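Could you walk me through this structure in plain words? I'd like a short briefing that I can follow while looking at the model.

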Amino acid sequence: MSILVYIEQRGGAVRSVSRETLGEATRLAAVLGGPVVGVCCAAADPGLAALGEAGAEQVLLAAHPAFAQYDSAGHAAAVTAAAKQVGAKVVLFSASSIGKDLAPRVAARLSVGLATDCTALAVESGRLVATRPVFAGKAFQKVAFPASPAVASLRPKVFAPVSAAGAVAAVSALPFEWDASAPRAVVTGLAGASGGKADLTESEIVVSGGRGLKGPEHFHLVEALADALGATVGASRAVVDAGWRPHGEQVGQTGKVVSPKLYVAVGISGAIQHLAGMSSSRCIVAINKDPEAPIFKVADYGLVGDLFEVLPALTAEVRKLHG
Ligand SMILES: Cc1cc2nc3c(=O)[nH]c(=O)nc-3n(C[C@H](O)[C@H](O)[C@H](O)COP(=O)(O)OP(=O)(O)OC[C@H]3O[C@@H](n4cnc5c(N)ncnc54)[C@H](O)[C@@H]3O)c2cc1C
């Protein structure tokens, strides 16, 4: 009986969200019993032994040339085979773009339910219980798992990784059956974020701009603060719909869900659909000229003022602090 973690890799590098998922698996294993086993689908080993330091005792490598790119059916076949091979009692994914696609496929193949986008896992009376935001983050739902294994995806940036310095995971090949000759869907390319910036969902700091900026020509103010803080730029849907910013930057119910250490909302009113994408951020700073703006209800720090005056001054102060 193991706790199985899907190890996500892109371009031959393990993604940091997998270390977060392994961290939570390690904490669960201390209560439920282990071991913590990873399963990674890749064209070649992306350095899986090093995941011992992140809490994995063993990692199964499902190697296939087609896995140079993400493949829904192939990965689902491999992870399902891994869950059966290790007798998994819990199977964890990150609720990343890939995890959102893969977790339901694996749960269906295992004929069990799935708790998605969880923000907490706990063991109550010996049973795993997951907490997940519902109704666009207005409420939290606690769900138990009547069938085994319990399958859940974890919201990125919510769970802390562990550090077991020097530990090495045992890596072995996973036998699995998958007919790659007749794919139902093929990934033809990946459009990555430009400018070498961290992915929005993996950033420690996000500075988002809204309609209060009045036009795309003023977004350089948001970019300047983001640069000074080493942050990634996000946006409200209003400005994405207006064509001021690309859709990849949209935060919210129909955009990306982010949980950075620091989220700065500039000229964003705080509509429920926006809050759904950022309210689990560790520290929220809101800059808005309307003291009644709903964003202030979730903000840890609120700055009531005109962003055209506040942003340049704030950016200058941050630059001074960073030397
Ligand atoms: C099904 C559905 C899904 C949706 N999904 C999303 C989503 O994923 N993400 C999302 O963001 N929205 C989403 N929305 C839209 C959402 O309801 C809001 O319309 C949107 O978030 C508003 O964007 P905003 O805050 O930038 O604009 P506004 O609501 O227009 O707010 C602008 C704010 O800027 C402030 N402001 C103006 N001038 C200044 C100034 N000079 N200085 C400081 N502050 C100033 C104003 O006081 C105001 O609070 C969705 C809506 C629906 C119906």
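Helices (H or I, at least four residues) and strands (E, at least two) are DSSP runs, numbered from the N terminus. With that in hand, Lys-214 is found in the loop between β13 and α4 (220-229). Keep in mind that this is a predicted model, where local features need pLDDT of at least 70, side-chain atom pairs count only at pLDDT 80 or more, and totals for chains, interfaces and linings use all residues. Residues are numbered from 1 along each chain as its sequence is written, and side-chain values use heavy atoms, with hydrogens and water left out.

**Around the ligand**

- The ligand has 26 residues around it, and the closest are Ser-236, Thr-254, Ser-269, Gln-273 and Asn-288 (a residue counts as near if one of its heavy atoms lies within 4 Å).
- Lys-214 puts a polar side-chain atom 2.8 Å from a nitrogen atom of the ligand; a polar contact is a pair of N or O atoms within 3.5 Å, and within protein one must be able to donate a hydrogen and the other to accept it, while residues adjacent in sequence count only if both atoms are side-chain atoms.
- In the side chain of His-274, an N or O atom is 2.8 Å from an oxygen atom of the ligand.
- The elements giving two or more residues to the shell around the ligand are α5 (237-241), α6 (272-275) and α8 (307-321).

- Is Lys-214 buried or exposed? Lys-214 counts as exposed because its relative accessibility is 53%, and the cut-offs are under 20% relative accessible area for buried, over 50% for exposed and partly exposed in between (1.4 Å probe, protein chains only).
- Lys-214 also has a positive phi of about 75°, although it is not a glycine.

**His-75**

- You'll find His-75 in helix α2 (residues 72-86), and it is buried, with a relative accessible area of 3%.
- Which residues does His-75 touch, not counting residues up to four places away in sequence? They are Tyr-6, Cys-41, Phe-67, Gln-69, Tyr-70 and Leu-102 (contact means heavy atoms within 4.5 Å).
- Cys-40 is 35 residues away from His-75 in sequence, yet their C-alpha atoms are 8.6 Å apart in space.

**Ser-203 and Thr-232**

- Ser-203 sits in the loop between β12 (170-173) and β13 (205-209), while Thr-232 lies in strand β14 (residues 232-235).
- Ser-203 counts as buried at 3% relative accessibility, and Thr-232 is buried too, at 9%.
- Their side chains make a polar contact of 2.5 Å.
- The side chain of Ser-203 also reaches the backbone oxygen of Asp-199, at 2.9 Å.
- Leaving aside neighbours within four places in sequence, Ser-203 is in contact with Lys-157, Ala-198, Thr-232 and Pro-260.

- The peptide bond from Gly-34 to Pro-35 is cis, with omega near 0°, and Pro-35 belongs to the loop between α1 (16-32) and β4 (36-42).
- Another cis peptide bond runs from Ser-148 to Pro-149, with omega near 5°; Pro-149 lies in the loop between β10 (139-144) and β11 (150-154).
- Ala-136, in the loop between β9 (127-134) and β10, has a positive phi near 55° without being a glycine.
- At 25% relative accessibility, Ala-136 counts as partly exposed.
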